[in-house]
Amino acid sequence: MSQYKITGRSRECAVSGKPFEAGQRVVSVISLNGDEFVRRDLLEDHFEASEDIYSYWVSTVPEAKGQRKLDLALAREFLRAVLREQDPKREGLAYALTLLLARKRRVKTDSRRTAAGEVLTIQMPGDEEDEQFELRVPRLEEEEVVRIQDELTLLLEGSLAADPTTN
């Protein structure tokens, strides 16, 4: 399976250079440049359809919220503790936390298929040497995902701070 790195929405229009503001409609365009996909974000009035566009979508810039930052070091230590427990009831929680930390590049993951299903190998950087864990990828129903999100929020709420260096 091929993997492509598509960036998140930029903070300014690729044509005018003007910063996006809350409530503005933005067109995100994916184009194929050679063998790489490239994303550009434009104010809606700067968008023109063309044949080189692979895909596009329109979104509205959300209102800025007083977003709090997650203490990623604390979240990593919490994940380490959950993985060491090897409690099957915590697989969903460990999986969600692993995905969050992998996205933030605080852990490395690799997956493989087994007869029992997909298994993640999780490498966690340590002070002296890296630790490695294996986690069966759970099959989660939508209500389970919501429950895990709520549990993570409650568990890590105390670690949320306004320190931008943690994100």
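View A. Two strands count as paired if DSSP finds at least two bridges between them. Val26 has Leu43 in β2 as its bridge partner. The open sheet has 3 strands in the order β2-β1-β3, with antiparallel pairing, and its edge strands, β2 (36–43) and β3 (53–60), each pair on one side only. On average, and with direction ignored, neighbouring strands of this sheet are turned by 20° against each other. Residues are numbered from 1 along each chain as its sequence is written, and side-chain values use heavy atoms, with hydrogens and water left out. Because the model is predicted, local features need pLDDT of at least 70 and side-chain atom pairs count only at pLDDT 80 or more, whereas totals for chains, interfaces and linings use all residues.

View B. Phe20 lies in the segment before β1 (25–33) and counts as buried because its relative accessibility is 12%; buried means under 20% relative accessible area, exposed over 50%, and partly exposed in between, with a 1.4 Å probe and protein chains only. Leaving aside residues up to four places away in sequence, Phe20 touches residues including Arg9, Cys13, Val26, Leu43 and Val61, a contact being heavy atoms within 4.5 Å. The C-alpha atoms of Phe20 and Pro62, which are 42 residues apart along the chain, are separated by 10.0 Å.

View C. The strands β4, β5 and β6 form an open sheet in the order β4-β5-β6 with antiparallel pairing. β4 (108–114) and β6 (131–136) stand at the edges with a single partner strand each, so one side of each is left without a neighbour in the sheet. Strand β5 (residues 117–124) pairs with β4 in the antiparallel sense over 7 bridges, and the bridge partner of Arg112 in β5 is Val119. Helix α1 (residues 72–85) packs on the sheet, touching β5 and β6, and its direction makes about 65° with that of β6. Helix α2 (residues 91–103) lies across β4, β5 and β6 and runs at about 125° to β6; axes are lines fitted to C-alpha atoms, for helices over the stretch in contact, and angles run from 0 to 180 degrees between N-to-C directions.

How values were computed. Helices (H or I, at least four residues) and strands (E, at least two) are DSSP runs, numbered from the N terminus.
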